[in-house]
Amino acid sequence: MLRNMFKKTYTKIDTKFRPQTKAGEEPAIPQGMWRKCNKCGQPIYVEDVMNNYYVCPKCDGYFRVHAYRRIEMLVDEGTFEEWNKEMNFSNPLDFPGYEKKVMAAREKSHLNEAIVTGKGKIEGNPAVIGVCDARFIMSSMGHVVGEKITEAVERATREKLPVILFACSGGARMQEGIVSLMQMAKTSAALKRHHEAGQLFISVLTDPTTGGVTASFAMLGDIILAEPHALIGFAGPRVIEQTIGQKLPEGFQRAEFLLEHGFVDKIVERRDQKRVIGQILYMHRSHKMNVERKMPEDFAEALKARREGLGTAEAMPSGEVRETRTMEEAAGADMSENGAAAEAGGTETSGEAPVPQGTAEKTAWDTVLLSRKADRPVATDYIEAIFDEFIEFHGDRYFKDDGAIVGGIAMFHGMPVTVIGQQKGKNTKDNIKRNFGMPSPDGYRKALRLMKQAETFGRPVICFVDTPGAFCGLEAEERGQGEAIARNLFEMSDLSVPVLSVVIGEGGSGGALAMAVADEVWMLENAIYSILSPEGFASILYKDSKKAPEAAKVMKVTAGDLKKLGLIERIVPEEEPACTDNLYRLTEYMDNAMAEFFETYLAMTKEELAEHRYERFRRM
Ligand SMILES: [Zn+2]
């Protein structure tokens with residue numbers, strides 16, 4: 001029924017856009033079936049547009065969508081129950097002509113006001129839904145819009161349901177003056193209660209989301225999604241241009257700009273919205289871990305032998321040294337391959353379980369070089385191999401999305417988790433995007449935001465640590481690198497969900513620790529964790545960075561050393577130095593170990609977890 005209604009209104013409006021014909025000439029195509037794309041100017045067939053989620057099939061331009069049409073695209077058929085369909089007109093300032101304007105908008109849009117709210121299911125997941133409709137006085141927020149949102153959110157809090165709001169607005173409803181302004185506070189306050197009740201709010205920003213709506217409910221999502229190219233901003237571009245007297249750059253205030261600046265988690269194409277939102281909703285429902293122990297016996301045996309022999313005899317294949325060095329290393333260090341070369345003649349490991357031999361002992365420096373090897377798997381490799389359905393979320397909500405940190409939600413044997421990794425690149429281009437795995441303050445703030453989000457929804461957190469160190473640079477200091485790291489140590493110390501950190505490569509100093517205040521810290525056998533790079537250490541204490549191999553030894557940077565010192569709980573054995581080919585062996589081990597970890601720590605109360613973490617560091 002909805003569909004028919006919409007076909008009707010849509011085509012009615014469309015007749016305005018029929019292809020132009022010269023005067024007196026009969027149009028060759030039936031009226032109402034075609035319209036001209038207001039983005040690319042090409043004639044497009046209405047049916048094609050409707051079947052393409054109201055996206056131009058010629059230029060991929062996004063048309064604005066009527067509220068009911070959007071609900072129809074999003075909500076499972078027959079599940080939508082509308083709330084507050086009729087609400088009385090309100091004219092708090094007795095503004096002349098306002099009633100007439102609202103009545104005209106009602107007539108034109110067949111809507112009572114600029115938002116439709118209600119309850120429905122998305123891919124089987126129940127949610128409260130609100131959708132703004134731009135046809136109604138540019139979907140500006142007056143008393144009725146504010147009231148409908150607030151009532152919907154309050155009811156969602158009572159019924160323990162998530163809320164999804166599709167924002168689209170010119171801002172406040174000017175005709176309602178200060179009362180309109182108060183709707184910003186009213187809706188935000190209702191969302192705060194919903195949040196405190198541990199419920200999820202997904203905000204979806206569509207074109208345009210501006211003014212008071214941007215400065216209230218639209219920006220308060222636990223997860224903020226946006227449609228491609230949507231205009232999103234507090235002040236409209238024309239106002240800004242007039243104020244500053246200059247033209248704004250291309251792409252300014254578009255969804256992609258907001259993503260880059262850390263305010264949007266993810267841009268989702270309209271065709272994918274139902275699936276993505278459905279998946280996010282599903283991942284925010286409570287699911288228990290369901291693990292089948294799947295480690296093959298021979299592998300378990302091999303690991304046992306391995307663990308017993310750890311740190312005594314390792315074959316050390318020579319390898320290409322990671323090209324990507326830290327600035328520190330580039331400045332001071334001679335990354336000669338001496339260490340690796342010395343051991344190049346060592347025993348070749350085959351697929352068999354390694355046998356301790358007591359010869360060809362791997363030095364600390366060998367481990368340092370291995371931890372930096374260019375072909376070592378990076379955080380996303382582990383995330384993809386260990387978890388399912390990873391959805392990446394972007395941004396710190398303050399300034400930027402830092403490519404050196406990736407994070408989001410994923411499933412571990414059916415249980416939702418938050419995963420965050422320090423991310424190195426795999427080639428030069430990728431490394432520039434990832435800043436060679438050196439996070440900026442924005443990266444640490446993104447990580448913390450995702451951890452706090454995990455805490456809200458009771459998800460365990462798994463961090464993958466792999467950084468030469470926090471980024472050393474002007475902008476990093478300007479935005480408070482020290483503060484960002486300190487804040488993470490502070491907040492992570494009593495996070496009320498289990499936290500596991502795994503050092504997969506380099507664990508460089510405070511930049512690594514900012515993601516390793518965990519209940520347990522594990523290290524891969526060939527990972528390192530240190531106060532400073534051995535090169536830096538050598539140049540400070542020995543006034544000679546070439547003495548890095550010596551420094552590596554005294555610094556106690558290897559997994560074996562740290563385990564002996566009681567600073568880490570587990571060493572993930574590397575039968576051979578980690579690379580893409582043997583990744584599955586490592587992740588199989590980690591999968592089992594993680595299941596064990598979760599079984600242990602999920603059984604603890606929030607207080608016990610915080611206490612355990614406190615004591616873990618207190619004794620150091
Ligand atoms: Zn087009």
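This is a predicted model: local features need pLDDT of at least 70, side-chain atom pairs count only at pLDDT 80 or more; totals for chains, interfaces and linings use all residues.
Local features were taken at pLDDT of at least 70 and side-chain atom pairs at pLDDT 80 or more, while totals for chains, interfaces and linings use all residues. Residues are numbered from 1 along each chain as its sequence is written, and side-chain values use heavy atoms, without hydrogens and water.

We may start at the metal. The zinc ion has Cys37 (SG), Cys40 (SG), Cys56 (SG) and Cys59 (SG) as its protein donors, 2.3 Å away; donors are N, O and S atoms within 2.8 Å of the metal (3.2 Å for Na, K and Ca), and sites may look incomplete because water is not among the atoms. Their spacing along the chain is C-x2-C-x15-C-x2-C. The arrangement is tetrahedral because the angles run from 104 to 117°, with four donors counted as such if all angles lie between 85 and 135 degrees. Cys37 is buried at 2% relative accessible area, whereas Cys40, at 29%, is partly exposed (buried, under 20%; exposed, over 50%; partly exposed, in between; 1.4 Å probe, protein chains only).

Ile277 sits in helix α10 (residues 270-283), helices being DSSP runs of H or I with at least four residues, numbered from the N terminus. Ile277 is buried, at 1%.

Conventions:
Four donors count as tetrahedral if all angles lie between 85 and 135 degrees; four count as square planar and six as octahedral if opposite donors are over 155 degrees apart and all others between 65 and 115; anything else is irregular. Helices (H or I, at least four residues) and strands (E, at least two) are DSSP runs, numbered from the N terminus.
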